Each structure stands twice: as C-alpha cells, then as structure tokens.
Amino acid sequence: MEWIMKRSKIFVTAGLIAFSGVGSQSSAIIDHSPKLNIFVNRSFTDNKINLPDDCSGRSDYPHKSTHKPGRANVVAETVCPGQKVSIRTTLTRPGWFIFTESVTKSDSSFGKVRISVSMPCKWKPGDQPIGYIVMSVHTSETGGSAITRVFRQLKC
Amino acid sequence: MPITGWDDTPSDAIAKFDFHNTSLWLRALARVPFFERFAYPIAVKRGLGTIWFPEISESRFEEFLKVGWKVKCGYPSDHELFLQGSKALLTKRPRSFRKPRIAITRLGKELAWTKAIHRANGTQNLLRLESSPFDDFKN
C-alpha cells in the first residue's frame, strides 16, 4: 500500500511540474539561444572531423549530350584538396521489372575526380519524358564519404 | 496535351516545386496517384514552381512567366542543390544508406529520397531547417 502511495505521489509531482510551467522555463532559456546556429554547428563539427571544409561531392543533372548526340549524359565529381578521392556514379533509367537500365562508372584521383556517365536515348516523339536517376558515392582517402542523388525527366 | 508543370518542362530546363508552403489539400492532391498531375498546374499558378533555363535556350521565357513560373537563368544554387541531395559535404560518420519505402507519386518519391540521402549524410537537421553550409550563396 505504501509503495502504491509513493508511486502515485511521484506521478502527481511529475504531472504538476509538467503543467505548472517549470519545464517550460528551462525551454524558454534555450529558446533565447541561436537555435539555427546550434544545429548547423553541431551537425557539421560532429560529422566532419579532420575533413577540410571544401571536401564535397556533387551529381549534376543528367542532360542530352551535345558531344555525342542521341545519348543521355551526366557529370559527377568529388573534390577534397590534398587527398586521394574516388567516385562511383550510376545512371539509371527506371523501367518495369527487368527493363531498368543502368550504367555504373567509377574513378579515383588526387584532389579532384570528375566522371562522365552516359547511355543511349530511348525517347520517341509523342512519348512522355523519361525519368533518369543519377546516384553517386563520393569517398576520400581519410574515410570521408557522402551520397548524392538527382532525378530529372528528359526527352531522351 | 501537356499539363503545365507536369510534363511541359523543356528538356534543357530544370523545374522544382515548393509544396512546403502551400495548403494542405494541394499537398494531399500531389500525393494521390494519377490525380497528382492536377496539383502541378495549380502549384505553378500559385507561384510555387521555379524553372531554370540555360543561358542559351530556344524556349520562350515569357510564356512560362505568364502562367506563373518563377523563371531563373543558369543553374540552381549550391544551397538548392544541397537541399535536394545532389550536392553534399563529405562526412566521417556516414550512416548506412536505406532505400526509402515505396513511394508512388512524383512528390512522394522526391521527398522520400531527399530524406534518405540527408539521413545517410547526417544532415537531416539542415534539411529540416532548410539551411545549408552554402547559405551565403542562396539565390
């Protein structure tokens, strides 16, 4: 019985604290701090240990190739000055079941690596534009990595 | 006949929609298979669609401006590319990449994949705040 009384007291106290605004006082103090900066700093200082600020990866939009007409082309790159970097990019044209087509290329270099992936066009006049997906995995020698993805519909 | 915002985007242009800041019913419509296509002309009319044309383009910008598109020249900024997941900073603590669950609509797929990319790169907080390390270069 005593135990039940003790438990109920704890619940009542907790309920009172929640409703009386004691907790909200502490959150009000936090509200005055620059929220955005806290999030920005935390996410980037935590994640980017020992990585220079300009280590980045990027997948460009797929487009109709001007150099090789009749092909869909995409360029992707990884940049990390002073380090060996690598990239693996896949260009996919989704389709039903086994009809998904994709081309994967990878490369590595020092400081910056740029890769171009292409596949033949399939679109015919009168058809809906076709969706192309580009997905890249960017890595650096020191263990940094990132994934990038882009989708675009093309008449190609 | 092409539907504005759904399948009328020229091949050399890049189109993006901001369904975040619109009414609930329009967002809901954009998540209904097949009927999603009718949400896009409304979004364009409401000024939620942005279209980027390359500097040399055969398309007529005026026609797009007339129907409500925000027309820009060149390429989306690094800030926009970061938020959509096509540009990222390398992280030492990547999380395993998990393919998003089944999403049927265009908007649903886009949101799910963007979230999955940011989760893997550890930048979910920035996505939530619509902020990026490239904020200074916002358009």
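Biologist: Gly85(B): buried or exposed?
Modeller: This is a predicted model, and in it Gly85(B) is buried.

Biologist: Why does Gly85(B) count as buried?
Modeller: Because 26 other C-beta atoms lie within 10 Å of Gly85(B), and the cut-off for buried is 20 or more.

Biologist: Where is Gly85(B) found in chain B?
Modeller: Gly85(B) sits in a loop of chain B, the one between α4 (78-84) and β4.

Biologist: Which residues does Gly85(B) touch, leaving out those up to four places away in sequence?
Modeller: In chain B, Gly85(B) touches Trp113(B), Thr114(B), Ile117(B) and His118(B). From chain A, Gly85(B) touches Thr148(A) and Arg149(A).

Biologist: And Ala116(B)? What separates the C-alpha atoms of Gly85(B) and Ala116(B)?
Modeller: The two C-alpha atoms are separated by 9.1 Å, while the residues are 31 apart along the chain.

Biologist: Which strand of chain B is joined to β1(A), and how do the two run?
Modeller: The partner is β4 (residues 87-89) of chain B, joined to β1(A) by 3 bridges, and the two strands run antiparallel. Within β4(B), Lys87(B) is the bridge partner of Arg58(A).

Biologist: New topic, chain B as a whole. How many helices and strands?
Modeller: Chain B has 6 helices and 4 strands. Their order from the N terminus is β-α-α-β-α-β-α-β-α-α.

Biologist: What is the radius of gyration of chain B, next to that of a compact globule?
Modeller: Chain B has 16 Å; a compact globule with 139 residues would have a value near 14 Å, so the two agree. Taken along the principal axes, the C-alpha atoms of chain B fill a box of roughly 45 × 35 × 25 Å.

Biologist: Back to burial. What part of chain B counts as buried?
Modeller: Of its 139 residues, 30% count as buried.

Biologist: And what share of the contacts in chain B is between residues 24 or more positions apart?
Modeller: Such pairs make up 59% of the chain B contacts that have a separation of 6 or more.

Definitions and conventions. Residues numbered from 1 in each chain as written. Chains lettered and ligands numbered in written order. Predicted model: local features only at pLDDT ≥ 70, side-chain atom pairs only at ≥ 80, totals over all residues. Pairing = 2+ DSSP bridges. Buried ≥ 20, exposed ≤ 12 C-beta atoms within 10 Å, placed from the backbone. Contact = placed C-beta atoms within 7 Å. Rg over C-alpha atoms; globule rule 2.2 N^0.38 Å.
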